[in-house]
Amino acid sequence: MDISGQIVLTALMAVFLFGVVLFLARAADWRTYTPLAGGGSGIVSQEGGYGHAEKPAGIFRWLTTVDHKDIGILYGVYAILAFAWGGIAVIIMRAELITPGIDVTQALAGAMGVSSGQNLYNGLLTSHGITMLFLFGTPILAAFSNYLVPLLIDADDMAFPRINAIAFWMLPPGAVLIWAGFFIAPFVESVAPSMASWTMYPPQSVEQTATGGAASSIAQLNAGTDLMLLGLHLTGVSATMGAINFIATIFSERGPEVGWDKLDIFSWTILTQSALILFSFPLLGSALVMLLLDRNFATTFFTTDGGGTILYQHLFWFFGHPEVYILVLPPMGIISYVLPRFAGRKLFGFKFVVYSTLAIGVLSFGVWAHHMFSTGIDPRIRASFMAVSLAIAIPSAVKTFNWITTMWNGKIRLTTPMLYCIGFVANFIIGGVTGVFLASIPVDFLLHDTYYVVGHFHYVIMGAIAFAVFAGVYYWFPLVTGRMYQVTLAKAHFWLTMVGTNLTFFAMILMGYAGMPRRYATYNLITVGPIDLIQTMHVLATVGAFILLVGQIIWLWNMVQSYLEGPRVGPDPWNLEEDGVDSREWDWFENRLETALTDGGEPEDADADA
């Protein structure tokens with residue numbers, strides 16, 4: 001195309017984009033913010049008078065908002081999109097593993113611009129891990145904490161509302177960069193999705209080309225990995241900014257009646273999580289910068305003659321293991337908060353749950369080397385890390401004991417949030433116990449890099465963290481939308497998720513015992529071990545994954561349909577006052593409904609004003 005053609009095309013694109021912006025700016029009537037009667041409403045704090053008195057309508061509300069509730073919703077929508085991306089990636093991978101050979105990904109590779117089915121599988125594996133941890137796990141928890149923490153501590157908003165907004169808006173470009181390899185690969189032959197796995201171990205991550213081989217010059221490196229590293233760095237900066245904001249908010253913005261002894265358990269876990277982020281994410285950022293320098297400027301941080309690959313593993317896992325607790329502590333807080341509401345009694349041993357949260361936060365920085373037992377590190381170091389890794393099971397067990405004891409002789413109501421709480425406890429016990437075995441050095445030697453590790457890890461990530469997220473989503477759905485979800489669909493979602501989770505990940509644990517290594521796209525060349533058993537387990541795991549897929553489709557349908565048409569709820573949709581377990585965020589919800597009606601509005605005005 002000549003220069004004049006490019007200019008015309010650019011001008012047409014500019015006109016098109018201007019038209020899109022104009023359309024979005026005017027499309028303000030489709031379930032967007034509607035001022036209460038008389039306009040200029042918004043929620044204003046009872047205490048300080050600070051609030052968001054006026055908000056623009058339409059898409060500009062979401063692009064410019066600094067309201068913690070709006071940003072919480074933005075985090076939630078973003079995390080759901082990332083969850084869908086990571087879920088589709090793993091469904092393709094599980095479909096591939098039904099048979100021992102390379103079939104599904106080989107058929108897709110050409111259309112996606114990837115050189116082979118194995119490389120596409122490795123790209124999907126990398127994208128799934130990075131997406132679920134950094135683009136779904138951390139943001140979905142930020143959705144809860146942004147929306148709820150200021151309400152629970154009686155604050156007007158976050159301590160730094162604009163920094164809060166900036167932290168969120170760093171995530172979309174981060175996601176685009178992380179996934180960029182998939183977008184560019186069909187058009188540029190030398191670029192492919194990163195295949196370095198979510199751990200990004202050198203020397204592979206330093207030398208890999210788009211075809212999976214080792215590069216002899218910087219020009220041959222796969223730029224998809226560079227883009228992914230840059231995207232990861234953005235998400236890390238975003239998480240660190242958010243953590244600083246939460247620490248400042250909880251320390252300085254609590255209402256006069258919310259002393260440290262009155263701080264709710266969810267806010268305690270967010271405070272601990274924020275401290276973990278503050279101390280661990282800079283290590284990841286440092287490792288990523290050094291990787292980028294090794295790749296693009298021929299530095300030698302992680303070469304044999306430099307710091308070596310073990311240095312990278314120390315840096316990565318000093319972040320990586322606290323990251324597990326960064327992801328699991330807030331879900332523990334959600335369970336500790338929601339479970340007592342449907343057990344009809346207060347959380348048993350509240351102080352011990354708080355102390356165990358703090359203990360996990362401290363101990364989590366002393367266990368990183370248990371991921372490196374098989375690397376040949378000094379045996380004396382291995383022994384000390386084994387001891388601390390076993391010790392961290394104690395505060396986790398304290399929490400489990402308190403959840404079970406809270407339910408003991410309680411007035412249990414098996415609502416969907418409660419089902420997910422019970423499912424969390426059951427799955428967390430399996431995930432935790434299987435993790436204790438991995439903390440033992442001799443057992444780790446046997447099971448390292450097998451599917452056992454994958455099964456254990458996913459029992460914690462999917463079986464526990466995702467279950468807590470769903471418990472929170474169902475519990476606070478009426479608070480955010482003013483409507484109730486479809487109960488039958490919600491319970492179908494729970495049972496499909498429970499069955500799918502255990503079918504998928506218990507099969508992986510059995511495969512690990514059988515010696516099946518992880519991260520393999522094929523297993524047709526395995527000549528030892530119970531091959532028939534391994535294939536059967538792979539088929540069961542894939543069936544479980546598809547059951548999970550059906551469950552999540554039902555959940556998405558339920559959320560959207562109930563948001564649009566669900567029945568409206570009153571100020572106490574869970575009848576918490578009857579059992580004396582009501583809480584501050586529902587007081588805010590009741591006030592929101594009363595304010596809307598007093599000002600001459602309708603209940604739907606209160607929903608739109610949230």
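1. Alanine 298 counts as exposed, because its relative accessibility is 53% (exposed means over 50% relative accessible area, buried under 20% and partly exposed in between, with a 1.4 Å probe and protein chains only). The model is a predicted one, in which local features need pLDDT of at least 70 and side-chain atom pairs count only at pLDDT 80 or more, whereas totals for chains, interfaces and linings use all residues. Residues are numbered from 1 along each chain as its sequence is written, and side-chain values use heavy atoms, with hydrogens and water left out.

2. Alanine 298 sits in the loop between α10 and α11 (helices are DSSP runs of H or I with at least four residues, numbered from the N terminus). As background, most residues other than glycine have a negative phi, and most peptide bonds are trans.

3. Aspartate 305 is found in that loop too, between α10, which covers 265-297, and α11, which covers 309-343. With a relative accessible area of 78%, aspartate 305 is exposed. Along the chain aspartate 305 and phenylalanine 494 are 189 residues apart, and their C-alpha atoms are separated by 52 Å.

4. Aspartate 154 is another residue to check in the backbone, as it is not a glycine and yet has a positive phi of about 60 degrees. Aspartate 154 is placed in the loop between α5 and α6, the latter spanning 161-169. Its relative accessibility is 27%, so aspartate 154 counts as partly exposed.

5. The peptide bond that joins proline 202 and proline 203 is cis, with an omega of about 10 degrees. Proline 203 belongs to the loop between α7 (171-184) and α8 (204-207).

6. Alanine 107 lies in helix α4, which runs over residues 104-109, and with a relative accessible area of 62% alanine 107 is exposed. Ten residues separate alanine 107 from glycine 117 in sequence, and in space the two are 7.3 Å apart, C-alpha to C-alpha.

7. Helix α3 (residues 68-96) packs with helix α5 (residues 117-152) at an angle of about 155 degrees, and their axes are 7 Å apart (axes are lines fitted to C-alpha atoms over the stretch in contact, and angles run from 0 to 180 degrees between N-to-C directions). The two helices, α3 and α5, are therefore roughly antiparallel to each other (that is, at an angle over 145 degrees). Their contact is made up of 25 nonpolar, nine polar and two charged residues (Ala, Val, Leu, Ile, Met, Phe, Trp, Tyr, Cys and Pro count as nonpolar, Asp, Glu, Lys and Arg as charged, and the others, Gly among them, as polar).

8. Helix α12 (residues 350-363) and helix α14 (residues 393-407) form another packed pair, with an angle of about 155 degrees and with axes 8 Å apart. That angle makes α12 roughly antiparallel to α14.

9. The model holds four cavities of 30 Å³ or more (on a 1 Å grid over the protein atoms alone, a cavity is a set of points where a 1.4 Å probe fits but cannot get out, a pocket is an open set with protein on both sides within 12 Å along at least five of seven lines, and lining residues have an atom within 4 Å of a point). The largest cavity has a volume of about 200 Å³ (the space filled by probe spheres set on the points, which are joined across faces, edges and corners). Its lining consists of 20 residues, and Tyr75, Thr138, Ala142, Ala239 and Ile277 are those nearest its centre. At least two lining residues of the largest cavity come from each of α5, α9 (223-252) and α10. By class, this lining has eleven nonpolar, nine polar and no charged residues.

10. The second largest cavity has a volume of about 50 Å³, and among the residues that line it are Gly123, Thr126, Ile178, Phe182, Ser194 and Met228. Helices α5, α7 and α9 each give at least two residues to the lining of the second largest cavity, which divides into four nonpolar, six polar and no charged residues.

11. The second largest pocket holds about 600 Å³ of space. Lined by 20 residues, this pocket has Lys262, Asp264, Arg341, Lys346 and Phe350 as the closest to its centre. Helix α11 gives the largest share of the lining of the second largest pocket, with four residues. That lining contains nine nonpolar, three polar and eight charged residues.

Terms used
Parallel < 35°, antiparallel > 145°, perpendicular 65-115°, else oblique.
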